[in-house]
Amino acid sequence: MKKTALYEQHKLLNANFGQMYDGWSLVSHYNDSVQEHLAVRNGIGIIDTSHRGRLRLTGTERAEYLHRIVSNEVTKLSPGGGNYAMILTNRGKIIADMNVVVAEDYIDLITNAIAKENLHRSLDKYLIADDVEINDITAETGIILVSGVNSGLFIESLLGIDVDNLEEYQSVNGKIADLSVKCVSSLETGEAGFQLHVNSASELSDLWQILIAEGKSFGVAPVGLKALNSLRLEAGIPRFGNELDDSIIPLEAELEKAVNFEKGCYIGQEIVARMKYRGHPNRLLRGLEIDSEDLPSEKAAIRSPEKQIGYVTSAVRSATLNKIIALGYVRTAFAAHGSEVEIEIENEWMDAKVSLLPFIKKA
């Protein structure tokens, strides 16, 4: 069983653990996951995300090499820059998605825990004579996500740096107490958020304790992954292993932000470009508002009226909307907002409506 360096810290907070993401023992929730969810929507939450895969690219040709492999721009990113990208099959299907974080002398790729090995193998496959070295730094580094409507004020108080103008995936380096920290803008809950990256397990533990202590005056709450999941569903953010896998083309998930259509060739580029310029996806990722008190299972069928038109990928009771919501793929003809469909739940067909994403729209 794999654990993050904060496992003992979480036990001191009476955390409830669950086995997730290919054998990790991670915090599901501390007390009430609904209250943890609302802590982020209305204030600030801190979340241990150190289980996520982290690959570091070094070498003089790292940017050029990565640029020709992944779906988004790399060579024009300066230190402190970043974006969201994917590595695809030659048929344009998703092998892994990643946050690209560019530093002065390296590039970090942050990916889902279950996608890390596939991403690493795929990058190695295309590494031939390039001056590039790829190292898995997951075990020796750590990440804490600080997220919520007031998170910018909290981070500014710790770093002494104005982070409100950071665009998503951009980063700044700074100090929290004596700890060197990379702060990366991250909007993965639908609220302002910042990933705090440190370079060792001991620093991660020190950082967590500082966030707990300094966060008391800001009302900061520790938050588990159950609440993080419900937050990302309300925000309509797809996750690898649920909405994204090697059967999905990025445009089906409406993830054009992961694709640069002006750059040169990359693996799978022809299929993605053809779908954008010459056709359209046959299915699209959509939200679903469900008239039921029970959650549909993953891959539950969606029909309208008698024909299956899609399937559910994730579902949760929304703490903000107080109803069952889901993400799923539906045929394009039924993808309009408000389309009436039915979803199979425990061998019964329940009414639902298609919703454009996100469910929660910020002012």
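Which side chain meets that of Glu 234 in a salt bridge? In this predicted model, the partner is Arg 41, with N and O 2.9 Å apart. Glu 234 belongs to helix H7 and Arg 41 to helix H2, so this pair ties together parts that are 193 residues apart in sequence. Glu 234 has a relative accessible area of 0% and is buried. Arg 41 also counts as buried, at 7% relative accessibility. Salt bridges with shared partners join Arg 41, Glu 234 and Glu 191 into one network.

The structure holds 18 salt bridges. Side chains of opposite charge can pair when their charged atoms come close. Another such pair is Glu 188 and Arg 52, whose closest N and O atoms are 2.5 Å apart. Glu 188 sits in the loop between strands E11 (179–185) and E12 (193–198), and Arg 52 in the loop between strands E3 (45–48) and E4 (53–58), so the pair ties together parts that are 136 residues apart in sequence. Glu 188 and Arg 52 are both buried.

A further salt bridge joins Lys 276 to Glu 256, with 3.4 Å between the closest N and O atoms. Lys 276 is in helix H8 (residues 269–278) and Glu 256 in the loop between H7 and H8, so here the parts tied together are 20 residues apart in sequence. Lys 276 is partly exposed, with a relative accessible area of 32%. Glu 256 is partly exposed as well, at 39% relative accessibility.

The largest pocket has a volume of about 850 Å³. It is lined by 34 residues, and those closest to its centre are Tyr 84, Asp 97, Glu 188, Ile 237 and Pro 238. Glu 188 is also the residue that forms the salt bridge with Arg 52. Strand E6 (94–102), strand E7 (107–111) and helix H7 (225–234) each supply at least two lining residues, and H7 gives the most, with four. By class, the lining has 18 nonpolar, eight polar and eight charged residues.

The second largest pocket holds about 430 Å³ of space. Of its 23 lining residues, Lys 226, Asn 229, Ser 230, Ala 315 and Val 316 are the closest to the centre. Helix H2 (33–42), H7 and strand E16 (308–318) each supply at least two residues of this lining. H7 again gives the most, here with six residues. The lining of the second largest pocket divides into 11 nonpolar, seven polar and five charged residues.

Notes. Residues are numbered from 1 along each chain as its sequence is written. This is a predicted model: local features need pLDDT of at least 70, side-chain atom pairs count only at pLDDT 80 or more; totals for chains, interfaces and linings use all residues. Side-chain values use heavy atoms; hydrogens and water are left out. On a 1 Å grid over the protein atoms alone, a cavity is a set of points where a 1.4 Å probe fits but cannot get out, and a pocket is an open set with protein on both sides within 12 Å along at least five of seven lines; lining residues have an atom within 4 Å of a point. Grid points are joined across faces, edges and corners, and a volume is the space filled by probe spheres set on the points. Ala, Val, Leu, Ile, Met, Phe, Trp, Tyr, Cys and Pro count as nonpolar, Asp, Glu, Lys and Arg as charged, and the others, Gly among them, as polar. A salt bridge is a side-chain nitrogen of Lys or Arg within 4 Å of a carboxyl oxygen of Asp or Glu. Buried means under 20% relative accessible area, exposed over 50%, partly exposed in between (1.4 Å probe, protein chains only).
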